Amino acid sequence: MALVLQNIDLREDGIAHLDNVSLEFKRGRLYTILGRTLAGKTTLLRTIAGLQHPQRGSMELHGQDYLDIPVWKRSTAMVYQQFINYPHLSALANVMFPLKRAGMSRDKARRRARAVLAGVGLSGFENRRPGALSGGQQQRVALARALVKRADILLLDEPLVNLDYKLREQLREDFQNIFKGQDDAIVIYTTTEPAEAIQLGHEIIVMDEGRVIQQGNSLDVFNAPTTIRCAEVINDPPMNIFSGTIDKGHINLQGDVRLPLPSHLDQLSEGPYRFGLRAADLSINGEIESEVELSEISGSQTILHLRGGIGSFILYEEGVYQYAIGSTVNVSLNPDRIYGFSVQGDLVAAPAPMSKQWR
Amino acid sequence: MLKLNHKHFFLLPGLIVLVAIIIFPLLFTLRVSFSSWDVVKPGLDWIGGKNYVRLFEDMRFWEALSRLSLMAVGSVLIQYIIGFGLALLVWRDIILKRFVRVLFLVPMMTTPVIMSVIWRTILHESLGPANDIVQVLGFEPLNWLSTGGMAVLSVILVEVWQWTPFMFLLLLAGLLSLPDEPYMAAAIDGAGAFRTFFSVTFPLMAPISVGALLIRLIEASKLMETVYVLTSGGPGTATETSSYYIYIRGLRDYQIGYAASLSLTYLVIMIISLTIIAKVLTYKMARD
């Protein structure tokens, strides 16, 4: 029992929003679609919901054609990144709306709507209209309206993106509990944030420019991104990419930086490669002289944008430090965490998975 | 105590205009309504509330008022329904959308008196094209303007023809300002076109609808030119409205004192009834 998309193409004004997308979503699982803006995430969800129609391809739910079913007849619920509710209805009436459309009696609809509202932490707010609720509460109403339908497919299109940090954290935790109760549904969640995708777990689908570029268990994708593009998308800040060669047991990077060849790269033949290194795998106190272009403080970490002989890169430093723009720091690279990509951008060697190190 | 300084003098022009065109005429009319000013004896003699006593016994005035209510409410409701329908029709993408939108506005841009003259010609019972069409369709010619009921319907017809575009314009502006999001939600929530209209479009349009209905009701309560040109209040008094009756008493019979009392009474009734209508509509909207 699954939703199967095959060779879906959707173009508008000559731009491919979905390019030969083939995916299979199984019931009872949570899928996180990760991609940058304009990657095609929202278009994919809107296509599944029936709000947009592909020019090519097929879509089947439980073996039956799903493309020809009009939007209002599909067993789909959707939460958008904007807090979309009915502004003229109370929170309770909002949540009752899909049940009434489905022909449920008023009393039964009210009982179920109240229960779902309580489930998303909105007891006591039933009679307020969306305009009288905070952003987080409005999004909870939208979520309740989606959950109450008990639809076969639950679509969540960056539902946290317009919330402040605290609310985002809180709702993200709530989501994990809420999704546990959706055993009969296919839950598809889109996000631009790698941390969110990994935190939600289950299966991750990485999209870029309308195409699926990698799919798999979230940690597997994080540990072994198959392309440079995927490595950039799955890491925040994006993985640093350096050009260089492997030569005589060493990695030679631009600017005469020479590193010992780590064991996980020693099976690679000599020649030109591109090397990837996460921002957290560089550190201050090394020999590579670099100039600070920008210094940001995020929570308890410092993010440095640097430029040196090896090119422009980003460094993540635990702790809060102040760096003057234009000042010089000496950086070292951790060779054991270097990813090897071909010149064309395909992964050829990856370090040991992070998850094993955490254990 | 208010201390006058130069900034208060900037208020003076507006104040003078306000006093000259609203406050003075209103107070003067009030004073005139307590006089017996007529063609025989013009002047501001004091007769107390005699005009008001006469007014309460004047059934022709009350009949005109109830007739006005019927014609105003009836024509405005029809304008609302047709205007809403037309606005919905051109709201979404249709061929020649801009052209059709402008076309619908033509009646509103025509001078009401001239329009009424044209309609009088159209509805002329022996020479007008309206009866030609009726006969072509195989029916007996209709007495458009010479029987009471038909004359009222004819006045309503002309009013609807003239003012539906105004309603259309307001409602179309309202529709174009509606957010897309509730429609996306409604589609996902399983609402078809019919249900979406009644559960989303209509409630979201409630504030604009109330405004449009009130504006038109205020305008329609002054119904005068159409009646004057089309039927002159006839046959008999079948289409006589309050404004037209006050005009007859004041400017045809020259009973200025009595006409003043009619005007003020009419004004008070209109303010009270329109306030009640506004409150009811707003209350219903808030509750729904």
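Modeller: Welcome! Two strands pair if DSSP finds at least two bridges between them, and strands (E, at least two residues) and helices (H or I, at least four) are DSSP runs, numbered from the N terminus. This is a predicted model, in which local features need pLDDT of at least 70 and side-chain atom pairs count only at pLDDT 80 or more, while totals for chains, interfaces and linings use all residues; side-chain values use heavy atoms, leaving out hydrogens and water. Residues are numbered from 1 along each chain as its sequence is written, with chains lettered from A and ligands numbered from 1 in the order in which they are written.

Biologist: Thanks! Which residue in S18(A) is the bridge partner of A:Glu289?

Modeller: Strand S15 (residues 282-298) of chain A runs antiparallel to S18(A), and 7 bridges join the two. Both belong to an open sheet of 4 strands, in the order S17-S16-S15-S18. Its edge strands, pairing on one side only, are S17 (311-318) and S18 (328-333). In S18(A), A:Glu289 has as its bridge partner A:Asn330.

Biologist: Chain A has an open sheet in the order S2-S1-S4-S5. Which of its strands stand at the edges?

Modeller: This sheet has 4 strands, paired antiparallel. S4 (residues 56-61) and S5 of chain A are joined over 2 bridges, with A:Glu60 standing opposite A:Asp65. Two strands have a single partner each, so one side of each is left without a neighbour in the sheet; they are S2 (15-26) and S5 (64-65) of chain A.

Biologist: What angle does H1(A) make with S2(A)?

Modeller: H1(A) packs on the sheet by touching S1 (2-12), S2 and S4 of chain A, where contact means heavy atoms within 4.5 Å. Axes are lines fitted to C-alpha atoms, for helices over the stretch in contact, and angles run from 0 to 180 degrees between N-to-C directions. For H1(A) and S2(A), the angle is about 65 degrees.

Biologist: How much area is buried between chain A and chain B?

Modeller: 21 residues of chain A are in contact with 19 of chain B. A:Trp72, A:His88 and A:Arg101 supply 32% of what chain A buries there, more than any other three residues. Buried area is the accessible area (1.4 Å probe) that two parts lose on being put together, summed over both. Carbon and sulfur atoms give 65% of the total, which is about 1,700 Å².

Biologist: Which residue of chain A forms a salt bridge with B:Asp189?

Modeller: A salt bridge is a side-chain nitrogen of Lys or Arg within 4 Å of a carboxyl oxygen of Asp or Glu. The count between chain A and chain B is 1. The closest N and O atoms are 2.8 Å apart, and the partner of B:Asp189 is A:Arg145.

Biologist: How far apart in sequence are the parts that A:Asp208 and A:Arg229 tie together?

Modeller: These two residues form a salt bridge within chain A, with the closest N and O atoms 2.8 Å apart. A:Asp208 lies in strand S9 (residues 203-208) and A:Arg229 in helix H8 (residues 228-234), so the pair ties together parts whose separation in sequence is 21 residues.

Biologist: Last one: how far apart are the axes of H4 and H13 of chain B?

Modeller: Helix H4 (residues 59-91) and helix H13 (residues 242-252) of chain B pack at an angle of about 150 degrees. Among the residues making the contact are B:Phe61 and B:Leu65 of H4(B) and B:Tyr245 and B:Ile248 of H13(B). The distance between the two axes is 8 Å.
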